[in-house]
Amino acid sequence: MRTFEDMIFTMKAMTPPMGWNTWNTFGLDISEELICSLADTMEKDGYLAAGYEYLVIDDGWAEKERDADGKLQADRKKFPRGIKAVADSYRSTPDIFDNFRSFTEIFLSQLPHFSLSASHCFNDLDMLTVGMNGSGNAAIGKSCSEEEYRMQFAMWCLASSPLFIGADIRSVSAETKALLLNKALIAINQDAECRPPLLLSRRFVVVPVENTADAVRPLREEKDKLFVFIKHLSDSAFALAFFNLFEADEEMTAMFEEAGLPESAPFGFRMKDAFTGEECGLHREYFRTVVKAHECRLFICSIEATK
């Protein structure tokens with residue numbers, strides 16, 4: 001029987017793996033030329049330097065028949081020089097598609113499992129669809145907006161999920177490229193302590209009943225629309241996240257007491273916007289913000305004395 005030490009030794013990734021995966025954009029339509037072109041883009045455009053070190057060839061790379069020794073062999077037309085290495089990832093969710101409902105349902109499905117994630121062991125939320133804009137193999141339904149893509153990337157970073165880009169990085173927009181290379185968000189994902197996010201608040205919203213003829217009350221609740229998380233980072237820092245899954249702007253509040261910083265404590269959070277780098281000041285007891293529909297806000301916080 002393998003010991004725990006043996007298992008740790010075989011799980012070499014101290015922090016969530018990062019890379020690019022062929023499947024979302026290209027499916028089975030891959031080739032040696034395509035893979036080499038994307039590898040060049042990863043290096044030239046700064047993805048490799050940002051930490052995206054794996055290039056994963058998902059499916060469609062092998063011949064249908066094994067070789068004389070019973071081993072898999074590369075498709076000779078697609079990869080005439082063969083394949084030296086193939087990387088694999090593990091996954092804990094259904095397949096992802098390029099729409100808002102798909103990625104939010106995947107994230108929420110992992111709420112009971114976040115506590116199982118730690119260094120050497122990560123919940124894989126599937127490949128990112130950020131920047132796909134309705135193209136490629138994962139396109140179904142209404143594609144995500146730029147705001148929704150920001151939410152997806154923030155969720156994956158907060159959850160310490162492996163980050164594998166699925167979009168064609170040779171042609172993504174400048175906004176998408178800046179998001180995928182955002183140092184503050186990547187640092188949250190790659191934090192050495194790999195702590196899972198803690199759910200501070202999970203709220204419903206109240207909306208009018210549409211069919212008043214059959215209604216028994218004028219208002220109804222839509223559950224699981226507003227979420228607040230905090231994640232403990234290295235060096236006594238924190239990531240504080242607000243996710244609005246509702247179709248309208250909502251005011252959201254984080255009570256610091258829920259995060260272990262009571263009202264009586266002479267400390268507060270010095271906050272900085274993780275997306276823009278904007279300094280947001282020192283806050284005690286709570287932080288309240290308006291979050292736009294299908295948007296998120298994410299802050300890097302440090303504890304600071306207020307007296």
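This is a predicted model: local features need pLDDT of at least 70, side-chain atom pairs count only at pLDDT 80 or more; totals for chains, interfaces and linings use all residues.
Local features need pLDDT of at least 70, side-chain atom pairs count only at pLDDT 80 or more, and totals for chains, interfaces and linings use all residues. Residues are numbered from 1 along each chain as its sequence is written, and side-chain values use heavy atoms, with hydrogens and water left out.

A cavity is a set of points on a 1 Å grid over the protein atoms alone where a 1.4 Å probe fits but cannot get out. Points are joined across faces, edges and corners, and volume is the space filled by probe spheres set on them. The whole structure holds one cavity of 30 Å³ or more. Lining residues have an atom within 4 Å of a point; among them are Phe256, Phe267, Arg284 and Glu285.

Next, the hairpin. Strands are DSSP runs (E, at least two residues), numbered from the N terminus, and two of them pair if DSSP finds at least two bridges between them. Strand 8 (residues 267-273) and strand 9 (residues 279-283) pair in the antiparallel sense over three bridges. Phe269 has His283 as its bridge partner in strand 9. Five residues separate the two strands, and Gly277 in the turn has a positive phi of about 80°.

Now the rings. Phe, Tyr and Trp (its six-membered ring) pair if ring centres lie within 6.5 Å; planes under 30 degrees apart are stacked, over 60 edge-to-face, the rest tilted. The whole structure has 15 aromatic pairs. Tyr47 and Tyr52 form an edge-to-face pair, 6.0 Å centre to centre with 65° between the planes. Both tyrosines, Tyr47 and Tyr52, are buried (under 20% relative accessible area, 1.4 Å probe, protein chains only). Elsewhere, ring pairs link Phe107, Phe114, Phe227, Phe229 and Phe243 into a cluster.

Methods: On a 1 Å grid over the protein atoms alone, a cavity is a set of points where a 1.4 Å probe fits but cannot get out, and a pocket is an open set with protein on both sides within 12 Å along at least five of seven lines; lining residues have an atom within 4 Å of a point. Helices (H or I, at least four residues) and strands (E, at least two) are DSSP runs, numbered from the N terminus. Buried means under 20% relative accessible area, exposed over 50%, partly exposed in between (1.4 Å probe, protein chains only).
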